[in-house]
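Subject: Structure handover

Hello,

Here is the structure for you to look at. Please open it before you read on.

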Amino acid sequence: MGKLIVSLSPHAHGTDSVERNMYGVVIALIPALLVSFFYFGIGSAIVCATSVIACVLFEWAINKFILRNSHTTVCDGSAVITGLLLGFNLPSNLPIWIILIGALVAIGIGKMTFGGLGCNLFNPALVGRCFLLVSFPAQMTSWPKAGQLTSYIDAETGATPLSVMKAAIKTGDSSLLDSLPSSFHMLLGNDMAGGAGTIGEVCALALLLGLAYMLWKRIITWHIPVSIIATVFVFSGLMPLYSPVYASPLAEILSGGLMLGAIFMATDYVTSPMCAKGQIVYGVGIGFLTVVIRNWGSYPEGMSFAILIMNAFTPLINTYVKPKRFGEVVKK
């Protein structure tokens, strides 16, 4: 018989498990997934299905043939989430062979190289996405317009709101911002400059429904998404006071992958700080870096890079921002 080791109190018993939380996130992603099918049709279905299947198969193969683990982790839902989030960060006309490369990098380098679930330093889906963005910039920045339900590779492309904002800053022409859809349209996703963008970012309302579900089920807490959104709102709200070429804070929040990143990727258990205070520090850092990269960086979008940068700071945040120990008396 194995030796029973009982740790010091306090003890807690609950129904939480890795599988419950992972599949809870999958459920929260369903509204955004359905909206992507509505706007991008067959292209969204092909990209998301390819990404999920590839991530699951690559994790199974690496576990079985390289790590030779007797216990596989493909059923815990983490590979499915990585596949969905990777697909959500891709354009709906991306060729299948590029998606396969992204899935291999996400699982093989972003996750399994570090030891698998619970050991990775960086969000695997963002590792795959940023690798593809650097390696295939032309294909990764070709945004199909919404409404082409039966088109895949041959879909007509268009500009995203973020690219319009970037053009206004570069040219100094604030009149370009007049072509941006209204905040209401970006919230619903029914305009958004023809619906151009990645698969998962076209409807902020669907992402907010996912946030409400995860908060209700206590899968995540409010600290990271709220601190990111609040920081972006404050800093991007200061920019139009300096120059009219900068977009409004609502446009910054509702455009691009900010909602997707703040709700579903920055909140990753493994790569985010453990305590509430640390999560707020982490969220403020992501929000600030996102505004900086969007306005002064080479890419219109800065959310993915901001999350990866703050992922690297998570161990440092956990070291210096700690919760009060149970039973500890604060010294006067």
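Predicted model: local features only at pLDDT ≥ 70, side-chain atom pairs only at ≥ 80, totals over all residues.

Residues are numbered from 1 along each chain as its sequence is written, and side-chain values use heavy atoms, without hydrogens and water.

The largest pocket has a volume of about 300 Å³. A pocket is an open set of points on a 1 Å grid over the protein atoms alone, where a 1.4 Å probe fits, with protein on both sides within 12 Å along at least five of seven lines; lining residues have an atom within 4 Å of a point. Volume is the space filled by probe spheres set on the points, which are joined across faces, edges and corners.

In the largest pocket, 25 residues form the lining, and Arg-129, Trp-143, Leu-162, Pro-300 and Glu-301 lie nearest its centre. Helix H15 gives the most, with four residues. Helices are DSSP runs (H or I, at least four residues), numbered from the N terminus.

The second largest pocket holds about 150 Å³ of space. Its lining includes Ile-219, Thr-267 and Gln-279.

Now the helix pair. The axes of H11 (residues 223–242) and H13 come within 8 Å and cross at roughly 155°. Axes are lines fitted to C-alpha atoms over the stretch in contact (heavy atoms within 4.5 Å), with angles from 0 to 180 degrees between N-to-C directions. So H11 is roughly antiparallel to H13 (over 145 degrees).

Best wishes

Conventions. Helix = DSSP H or I, 4+ residues; strand = E, 2+ residues; numbered from the N terminus. Parallel < 35°, antiparallel > 145°, perpendicular 65-115°, else oblique.
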